[in-house]
Amino acid sequence: MLVVTKFGGSSLSSSTQFQKVKNIVESDVRRKIVVVSALGKRTSDDTKITDLLYILHAHLKYSVKYNDIWEMIYSRYVEIKEKLNINYDIEQDLADLYAELNKNISKDYLVSRGEYLTAKLMSAYLGYTFIDAKDVILFDYSGNLNDELTQNAIREAFEKNGKIVVPGFYGGYPNGEIHLLSRGGSDVTGSILAKCLQVSLYENWTDVSGVFAADPRIIDNPKSVKEITYKELRELSYMGFNVLHEETIFPVRSLNIPINLKNTNDPLHPGTLIKNECSDTEELITGIAGKKDFISFDIVKNHMSNEIGFLRKALSIFEKYNVSIDHIPSGIDSFSVICSTNNVSKYKYEIISDIKNELGADVIVDDDLALVAIVGRNMKCKSGVCGNIFSTMGNLGINVKIIAQGPSELSIIIGVEAKDYEKTLKALYSTLIG
C-alpha cells in the first residue's frame with residue numbers, strides 16, 4: 001500500500017512547517033512519495049518564493065537591480081536549513097543559481113528553482129532521495145505529457161530508491177529543458193505520480209481542512225464536506241472552488257484513486273475525501289459556489305426551432321472569435337449564450353452585429369450577470385429542491401434570470417444580477433445546507 005503525499009506552499013513556508021511535514025510523513029509508513037511546492041507565505045503580507053522568482057526574472061529581463069529580491073529568496077532557504085540543521089549545502093546550489101542570472105535566463109527554469117530547492121531541502125530533511133521532476137515528468141515539445149515515458153521513468157525511480165521527494169510544478173522536454181505547468185501545477189504532479197505508481201491514496205496537504213460547502217469569505221463557518229465525488233468537485237471548481245488545480249482529478253480518476261484534502265496544521269482532522277462514488281446518501285446538497293462577471297446574449301427569432309442548423313450557425317459566430325461558451329438555456333423561439341465577460345468583452349459588438357446580419361435574429365445583451373451553482377449527487381433522489389430555491393429567491397425579491405440543470409441532475413445553476421450575488425449565496429446556503 002502506497003500513498004502519494006503532496007504539500008502546498010503554505011505547508012512549507014518555514015522551519016516550523018517543515019517539522020510538521022516531517023511528523024506527518026513519518027506517522028504513516030505508506031507515505032513514501034512526497035511532492036512539494038515552493039516555499040509559501042509565512043504571514044498574510046509575506047511573498048511566495050514563486051512570486052519572488054517571477055519578479056526576479058522581470059528585473060533581469062529589463063536590467064533592473066535585483067539584489068534585494070535575491071537576498072529575500074536566499075535568506076528564506078538558508079534560514080530553514082540552519083534552524084533545522086539540515087545536512088545539505090544549499091548555499092552552494094544558491095551560489096550556482098546566482099552565477100546563472102542574466103537577462104536571457106529561461107523564465108521556466110528560473111521559476112522552477114523554487115520547487116527544486118524546496119524539494120532538495122525536504123529530501124535531505126526526511127532522508128529520502130531527491131528526484132528531479134525534469135527527469136520523470138516528461139513532455140513532448142508541444143507541452144503534452146508523454147504518458148508512457150513518464151510512467152516508466154517514475155516507476156524506475158521509485159523502485160530504485162524506495163522513498164522519494166519530487167518537486168512539483170514542472171517537468172522536462174526531450175532535450176532536458178524545463179517545462180512549467182500552470183500555477184497550482186504541483187497538484188497535477190502529485191496526481192501523475194499517483195497514477196503511474198497506482199497508489200491507494202493521493203493526499204493533498206494545505207492550510208484548510210478539506211472542502212467547505214460554500215466560500216468561507218462569504219459564509220461564516222461553512223460546513224466541512226466529508227465526501228465528494230470527482231464530478232461534484234469538477235462542477236464546483238468550475239464555478240470558483242479553488243481547492244485543487246482543475247487538471248488534478250483526471251490522472252487519478254480513471255483508476256479510482258481517492259484524493260484526501262487535509263490540513264497540515266490540523267493533521268488529525270479527516271479532511272475531505274474525493275472519489276468516484278460516495279457512500280453518504282444523507283446530504284442533499286454537497287456545496288454551493290458561484291462567480292460574477294458573466295454576459296448573456298439572448299438570441300430571438302420567430303420559428304427558429306424549425307430552421308435547421310440555426311443553433312450551429314449561431315455558435316460558429318462565437319467560435320470565430322475564439323470565445324468559449326458556459327451555458328445555453330433555450331426556449332422555442334429563443335436561446336441564450338452565456339459566456340465569461342473576460343472572454344467575450346473585446347468582441348461583444350462584432351458578435352452582436354454578426355448574429356443580426358447572418359442570422360436575421362434580434363439580440364438582447366445582459367452583461368451584469370452572476371451564476372450560482374447548487375451541486376449535490378443526492379438531489380436527483382429528492383423532490384422539492386427547485387421549489388426551495390425559487391421560494392427563497394422570491395422571499396428576498398431576487399429575480400432569477402436564468403435556470404439550467406444538466407441531464408445528470410448533479411447541479412442546478414441560476415443566474416441573478418451581480419448586485420444580488422452574495423445575498424443569493426447566503427440565502428441559498430441557509431435554506432439548503434445551513
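Reader: What makes strand E13 (residues 362-375) and E15 a pair, and in which sense do they run?

Author: Two strands pair if DSSP finds at least two bridges between them, and E13 is joined to E15 by 7 bridges, the two running antiparallel; therefore they meet the criterion of at least two bridges. Isoleucine 374 stands opposite isoleucine 412 in E15. This is a predicted model, in which local features need pLDDT of at least 70, side-chain atom pairs count only at pLDDT 80 or more, and totals for chains, interfaces and linings use all residues. Residues are numbered from 1 along each chain as its sequence is written, and side-chain values use heavy atoms, with hydrogens and water left out.

Reader: What makes strand E14 (residues 402-405) a partner of E15?

Author: E14 and E15 share 4 bridges in the antiparallel sense, with glycine 415 in E15 as the bridge partner of isoleucine 402. The two strands form a hairpin with 5 residues between them, and glutamate 409 in the turn has a positive phi of about 55°.

Reader: Why is strand E15 (residues 411-417) called mostly covered?

Author: Of its 7 residues, 6 are buried, where buried means under 20% relative accessible area (1.4 Å probe, protein chains only).

Reader: Why is helix H6 called roughly perpendicular to H7?

Author: The axes of H6 (residues 147-161) and H7 (residues 186-197) come within 9 Å and cross at roughly 80°; because angles of 65 to 115 degrees count as roughly perpendicular, H6 is roughly perpendicular to H7.

Reader: Which residues of H6 and H7 meet?

Author: Contact means heavy atoms within 4.5 Å, and the residues that meet include Ile154 and Phe158 in H6 and Ile192 and Leu193 in H7.

Terms used: Axes are lines fitted to C-alpha atoms, for helices over the stretch in contact, and angles run from 0 to 180 degrees between N-to-C directions. Angles under 35 degrees count as roughly parallel, over 145 as roughly antiparallel, 65 to 115 as roughly perpendicular and the rest as oblique. Buried means under 20% relative accessible area, exposed over 50%, partly exposed in between (1.4 Å probe, protein chains only).
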